[in-house]
Amino acid sequence: MEMEDGEEVSMLPSPAVAQAPRQKPKITATFIIPIWIVLSSSVIIYNNYLYNTLHFRYPVFVVTWHLTFAAIGTRILHRTTSLLDGVKDVSMSKDMFLKSILPIGILFSGSLILSNTAYLYLSVSYIQMLKAFNAVAVLLVSWAFRISEPNRKLALIVLMISSGVAVASGGELKFNMFGFIVQAAAVGFEAARLVMIEILLHGLKMDPLVSLHYYAPVCAIINLIALPFTEGLAPFFELAKIGPFILFTNAAVAFLLNVAAVFLVGAGSGLVLTLTGVFKDILLITGSTLIFGSTVTPIQIFGYSVALGGLMMFKLSGNKK
């Protein structure tokens with residue numbers, strides 16, 4: 001599970017509902033940023049290792065396990081720490097759950113399953129390049145729902161990112177059309193999720209852990225329902241292949257990333273967070289070529305540089321998605 005543009009994108013749901021959260025323990029940016037970068041990269045590399053090196057190719061099961069672990073973990077933290085004090089400030093009604101949390105949870109599940117499935121067909125480095133298109137997808141969905149209006153600057157950003165990703169795709173040596181379609185669908189689900197949060201939970205805030213507290217059990221149940229129709233019992237028969245240590249540590253790293261994200265959000269300015277995300281993506285692309293032997297061509301470097309330029313313009317123009 002990964003943090004999509006936030007993400008990824010991070011594996012975190014974006015901020016949603018709550019009143020002003022109680023103050024969390026302060027951690028300096030110089031301390032938390034390296035930790036977040038390591039954890040964020042580790043989640044992606046660990047998942048790719050699980051799927052393609054250990055050949056445990058069951059992304060629906062892995063995502064379901066991560067979400068179950070997160071649902072349990074957030075409830076333990078709620079009872080034993082002050083990290084989830086914001087839960088007390090959330091007025092969660094049945095109506096809000098059915099009309100807001102549930103539909104957003106369905107989109108979140110789709111995004112996680114599809115983005116993890118893409119690693120079965122595409123390299124880590126190429127997927128990171130494709131994720132630059134997330135910002136364009138969010139803009140397009142926002143324009144479709146008329147919650148923002150297009151302008152020349154945003155049109156230039158869309159052109160830069162789209163062109164850069166297209167050039168990077170043209171330079172991919174192991175291009176797989178099915179994997180590309182799966183990743184494109186993941187981007188679509190994630191963009192729709194972010195826009196639905198703005199529409200359905202407009203003006204309400206939650207930090208990443210509080211959001212995870214509500215979304216993780218919903219998504220885990222949705223995925224559990226989907227599991228018999230997608231992967232069946234096969235992953236359970238192959239659990240011995242990876243063992244309990246890898247199963248536990250894989251989910252624990254993903255959960256620790258969510259905890260780190262809480263401190264990261266309050267540790268630096270928007271510019272610092274934007275630069276941190278860009279540096280992490282570059283580091284991850286470089287690391288994946290060294291660890292997994294994937295090839296990044298010069299034309300991909302050029303295309304991704306153009307896309308990053310557009311992405312930086314998008315982030316620094318005041319868009320937080």
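## Trp65 and its partners

Leaving out residues up to four places away in sequence, Trp65 touches Leu247, Phe248 and Ala251. This is a predicted model, and it puts Trp65 in helix H2. Take Phe248 as one of those partners: it sits 183 residues from Trp65 in sequence, yet the two C-alpha atoms are 9.3 Å apart in space.

## How H2 meets H10

Zooming out to the helices, H2 covers residues 59–80 and H10 covers residues 239–265. Their axes lie 9 Å apart, at an angle of about 55°, so the pair is oblique. The crossing of H2 past H10 is right-handed.

On the H2 side, the contact includes Phe61, Trp65, Phe69, Gly73 and Leu77. H10 answers with residues including Leu239, Phe248, Ala251, Phe255 and Val259. Sorted by class, the contact of H2 with H10 has 14 nonpolar residues, four polar ones and no charged ones.

## Into the core

The largest nonpolar core has 96 residues, and Leu67, Leu209 and Phe255 touch the most other members. H10 is the top contributor to this core, giving 14 residues. As a general point, nonpolar side chains in soluble globular proteins tend to be buried together.

What is Leu209 in contact with, once neighbours within four places in sequence are set aside? The list runs to Thr74, Leu77, Leu83, Leu84, Phe255, Asn258, Val259 and Val262. Among these, Thr74 and Leu77 also belong to the H2 side of the helix contact, with Phe255 and Val259 on the H10 side.

How values were computed. Residues are numbered from 1 along each chain as its sequence is written. This is a predicted model: local features need pLDDT of at least 70, side-chain atom pairs count only at pLDDT 80 or more; totals for chains, interfaces and linings use all residues. Side-chain values use heavy atoms; hydrogens and water are left out. Axes are lines fitted to C-alpha atoms, for helices over the stretch in contact, and angles run from 0 to 180 degrees between N-to-C directions. Helices (H or I, at least four residues) and strands (E, at least two) are DSSP runs, numbered from the N terminus. Angles under 35 degrees count as roughly parallel, over 145 as roughly antiparallel, 65 to 115 as roughly perpendicular and the rest as oblique. A crossing is left-handed if the near helix is turned anticlockwise from the far one by less than a right angle, and right-handed if clockwise. Contact means heavy atoms within 4.5 Å. Ala, Val, Leu, Ile, Met, Phe, Trp, Tyr, Cys and Pro count as nonpolar, Asp, Glu, Lys and Arg as charged, and the others, Gly among them, as polar. A nonpolar core is a set of buried Ala, Val, Leu, Ile, Met, Phe, Trp, Tyr and Cys residues joined through side-chain atoms within 4.5 Å. Buried means under 20% relative accessible area, exposed over 50%, partly exposed in between (1.4 Å probe, protein chains only).
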